[in-house]
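Q: Before we look at individual features, could you take me through how such a model is read, step by step?

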Amino acid sequence: MIRLLTLAFLATSLTLASAADLKFGVVDMSKAFSEFHKTKDAAEKFKSNVDKAQKEMNDRWAVYKNLMTDMQKLKKEASDPIMTPDARAKKAAEFDEKAKELRTLEQEIGEQQNRRSTQLKQEDVQIRRGIYDEILVVVRDKAKTEGYDFIFDKSGMSLSTVPVLIYYKDAVDVTDQIVVELNKNAPAAAAAPKAEETKKP
């Protein structure tokens with residue numbers, strides 16, 4: 001629906017002014033996103049959060065595993081013919097308590113996994129949205145400064161997974177300029193790899 005409105009708006013604009021009077025530009029938002037220094041920083045931070053969540057779950061499963069081991073031991077003791085009936089009954093009661101504890105823990109782990117998974121997905125979406133918003137600000141500023149009437153995202157895909165912009169004439173690709181602008185204030189550590197790459201034969 002949004003794409004149809006965009007095309008309709010473009011068609012209307014072209015009827016009001018000749019194409020020769022309009023200045024078109026294209027940008028590869030996917031490339032700008034991947035080469036923005038903040039994307040790598042955000043990815044590393046997100047990975048750290050994922051690793052932390054995984055460690056929390058591993059710790060919970062370790063407790064679960066220990067409970068299983070205790071239950072197996074109690075089950076064996078509860079059926080040991082050498083023990084007195086009272087002792088076996090006591091072990092059986094302990095086994096039942098451990099079984100309840102295990103079921104509760106299993107439910108808690110499942111709920112925690114779902115909660116953390118949802119939280120991480122939302123965090124990922126927010127991070128990406130924030131980065132794209134920063135890139136859009138730079139693209140819009142460039143469009144205003146250099147007098148572009150339209151700048152299209154050439155990496156955008158239609159519902160059929162075919163690029164929306166299949167062919168464009170007399171449109172300037174500003175992707176590399178946008179990437180340079182995005183990374184002009186990048187920390188030295190982020191800029192170092194590119195400097196090393198230029199030295200390679």
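A: Let us begin with the record: UniProt positions are given in the numbering used here, feature names are shortened, and annotations may be inferred rather than shown by experiment. The model is predicted, so local features need pLDDT of at least 70 and side-chain atom pairs count only at pLDDT 80 or more, while totals for chains, interfaces and linings use all residues. Residues are numbered from 1 along each chain as its sequence is written, and side-chain values use heavy atoms, with hydrogens and water left out.

Q: Which residues does the UniProt annotation "coiled-coil region" cover, and what is the chain over residues 88-122?
A: According to UniProt, in an unreviewed entry, the annotation "coiled-coil region" covers residues 88-122. Helices (H or I, at least four residues) and strands (E, at least two) are DSSP runs, numbered from the N terminus. By that reading, residues 88-122 are 100% helix and 0% strand, with the end C-alpha atoms 51 Å apart.

Q: How many helices and strands does the protein have, and in what order do the elements run?
A: There are 6 helices and 3 strands in the protein, and from the N terminus on the elements follow the order α-β-α-α-α-β-β-α-α.

Q: How do the axes of H3 and H4 cross?
A: Two packed helices are described by the angle between their axes and the distance between the axes. Axes are lines fitted to C-alpha atoms, for helices over the stretch in contact, and angles run from 0 to 180 degrees between N-to-C directions. Here the axes of H3 and H4 come within 9 Å and cross at roughly 170 degrees. The contact of H3 with H4 has 22 nonpolar, 4 polar and 17 charged residues, where Ala, Val, Leu, Ile, Met, Phe, Trp, Tyr, Cys and Pro count as nonpolar, Asp, Glu, Lys and Arg as charged, and the others, Gly among them, as polar.

Q: How many salt bridges does the structure hold, and which residue forms one with Glu134?
A: A salt bridge is a side-chain nitrogen of Lys or Arg within 4 Å of a carboxyl oxygen of Asp or Glu, and the structure holds 13 salt bridges. Glu134 forms one with Lys38, the closest N and O atoms being 2.9 Å apart; this pair links distant parts of the chain, since Glu134 is in helix H4 (residues 85-145) and Lys38 in helix H3 (residues 37-78), 96 residues apart. Glu108 forms a salt bridge with Arg60, where the closest N and O atoms are 2.9 Å apart. Because Glu108 lies in helix H4 and Arg60 in helix H3, the pair ties together parts that are 48 residues apart in sequence.

Q: Is Glu108 buried, partly exposed or exposed?
A: Buried means under 20% relative accessible area, exposed over 50%, and partly exposed in between (1.4 Å probe, protein chains only). Glu108, at 36%, counts as partly exposed, and Arg60, at 27%, is also partly exposed.

Q: In what order do the 3 strands form the sheet?
A: Strands of a sheet pair through backbone hydrogen bonds, either parallel or antiparallel. Two strands pair if DSSP finds at least two bridges between them. In this open sheet the 3 strands have the order E2-E1-E3, and the pairing is parallel. The edge strands, each pairing on one side only, are E2 (150-153) and E3 (171-173). Strand E1 (residues 24-27) is joined to E2 by 4 bridges, and Val26 has Phe152 in E2 as its bridge partner.
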